Amino acid sequence: MGLTTVTAFGPGRVNLLGEHTDYNDGLCLPFAIERGVTVRAEALDGGRIRAEAADLDEHDDFAADDPPRDEEGWRAFVRGTVGELRAAGHTVGGARLHIAGDVPRGSGLSSSAALSTALALALLALASEDEGDRRDLARLCSRVENDWVGAQTGLLDQLAALFGRAGQALRLDCRDLSIDFVPLELHGWRLAVAPSGHVHTHAGSGYNDRRAECRAACEALGIASLRDAGPDAPDALPAPLDRRVRHVLTENARVDAAVQALHAGDLAALGELIDASHASLRDDYEVSVDAVERTVARLKDAGAAGARIVGGGFGGSVLALFGPGTQPPADATLVQPAGCARLLDY
Ligand code: GLA
């Protein structure tokens, strides 16, 4: 006898460093946050999925055995998660899904992986199925975003949501998906995110263009991924591919420099790395916009030791590091590493 109601939670994430490196087999340093998405799933006779996005007051209704693909936004995530779970051989029957969350959409804090991981855990538990290997689950949730939502995103968000731990950041090596946990001890410093006010979607922004540029750079260099690019690779490429590759190479190096800075308790160095990452994302990777630049400037004026765009770019939030004695502005939210996606009750 299966369960009749389950509730699952998926967290959003902040990426400390390592942006646009995941789909280049590179390094990232995210952590899961307390904010996230909660999905309550109740078994329904009749084989239909009836979903409600409570925050939007919107609904969806479709056959669990044949989710239609012609949708955007949150519906594409729900249909895609059902479709990918079934394609992977899992049982998904009729269910009523109640979805609510407190990660702002389009904010660069990965409301999307929060949603897909919560949905996947809820639907698997409702079918009394084991969740299996969490790396496989991350890949499944990533296929939802790639093949149903139309954003060619990597695995950063899903891995952060599925492996996050309180008090720790994750050094992800996206080449072999290995994870090293790094204690995030801030010694009285604080991390905060502030909205730029410019909302983005990855499917509709320049995100997919950047990914295509990285593929083009690999082809020109004759390598399988930018992880294999040597330090001189940019010199062999035409603009703008040279700048794109320079960002990826320097950003990978900044991730390991940040891990060292954290181990050494050198928060000032972490601030400098965050600033350098932003400059690289703005000038070399070109994923910033005016609203983000104004937000970065505002946070720096407030005394931030480092401030940078987080997530896919073209809008979203800015992450800033504040030292003792400085005060984040009123619209900034303090963030700290919290636990991973999980079932809340049976
Ligand atoms: C988005 C994507 C991730 C990653 C970041 C940029 O959050 O979902 O896969 O590429 O952008 O680092």
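Reader: How many cavities of 30 Å³ or more does the count come to?
Author: This is a predicted model, where local features need pLDDT of at least 70 and side-chain atom pairs pLDDT 80 or more, while totals for chains, interfaces and linings use all residues. Residues are numbered from 1 along each chain as its sequence is written, and side-chain values use heavy atoms, without hydrogens and water. A cavity is a set of points, on a 1 Å grid over the protein atoms alone, where a 1.4 Å probe fits but cannot get out. With the 30 Å³ threshold, the count comes to one cavity.

Reader: How much space lies in the largest cavity?
Author: Grid points are joined across faces, edges and corners, and a volume is the space filled by probe spheres set on the points. For the largest cavity that gives about 120 Å³.

Reader: Which residues lie nearest the centre of the largest cavity?
Author: Lining residues have an atom within 4 Å of a grid point. The largest cavity has 15 of them. Nonpolar ones (Ala, Val, Leu, Ile, Met, Phe, Trp, Tyr, Cys and Pro) number four, charged ones (Asp, Glu, Lys and Arg) four, and polar ones (the others, Gly among them) seven. Nearest the centre are Asp22, Leu156, Asp157, Tyr207 and Gly312.

Reader: Where does the ligand sit?
Author: A molecule sits in a cavity or pocket if more than half of its atoms lie within 2 Å of its grid points. By that test, the ligand sits in the largest cavity.

Reader: Which residues come nearest the ligand?
Author: A residue is near if one of its heavy atoms lies within 4 Å of the molecule. There are 13 residues around the ligand. This shell divides into three nonpolar, six polar and four charged. Coming nearest are Glu19, His20, Asp22, Asp157 and Tyr207.

Reader: How much of the ligand does the protein bury?
Author: Take the polar contacts (pairs of N or O atoms within 3.5 Å) to begin with. Ligand oxygen atoms lie 2.9 Å from a polar side-chain atom of Arg13, 2.7 Å from one of Glu19 and 2.6 Å from one of Asp157. Accessible areas come from the Shrake-Rupley method with a 1.4 Å probe. Alone, the ligand exposes 310 Å², and the buried share is 99%.

Reader: Where is His20 placed in the chain?
Author: His20 has a positive phi, near 60 degrees, and is not a glycine. Strands are DSSP runs of E with at least two residues, and helices are runs of H or I with at least four, numbered from the N terminus. His20 is in the loop between strand 1 (5-15) and strand 2 (27-28).

Reader: Which peptide bond is cis, with omega near 0 degrees?
Author: Look at the loop between helix 5 (207-221) and helix 6 (241-264), which holds Pro240. The cis bond runs from Ala239 to Pro240.

Reader: Which elements give two or more residues to the lining of the largest pocket?
Author: A pocket is an open set of points with protein on both sides within 12 Å along at least five of seven lines. The largest has a volume of about 760 Å³. Of its 35 lining residues, the closest to the centre are Trp74, Phe77, Arg105, Gly106 and Ser111. The elements are helix 1 (73-87), strand 6 (95-101), helix 2 (111-126) and helix 3 (134-149).

Definitions and conventions: Polar contact = N/O pair within 3.5 Å; in protein donor to acceptor, adjacent residues only side chain to side chain.
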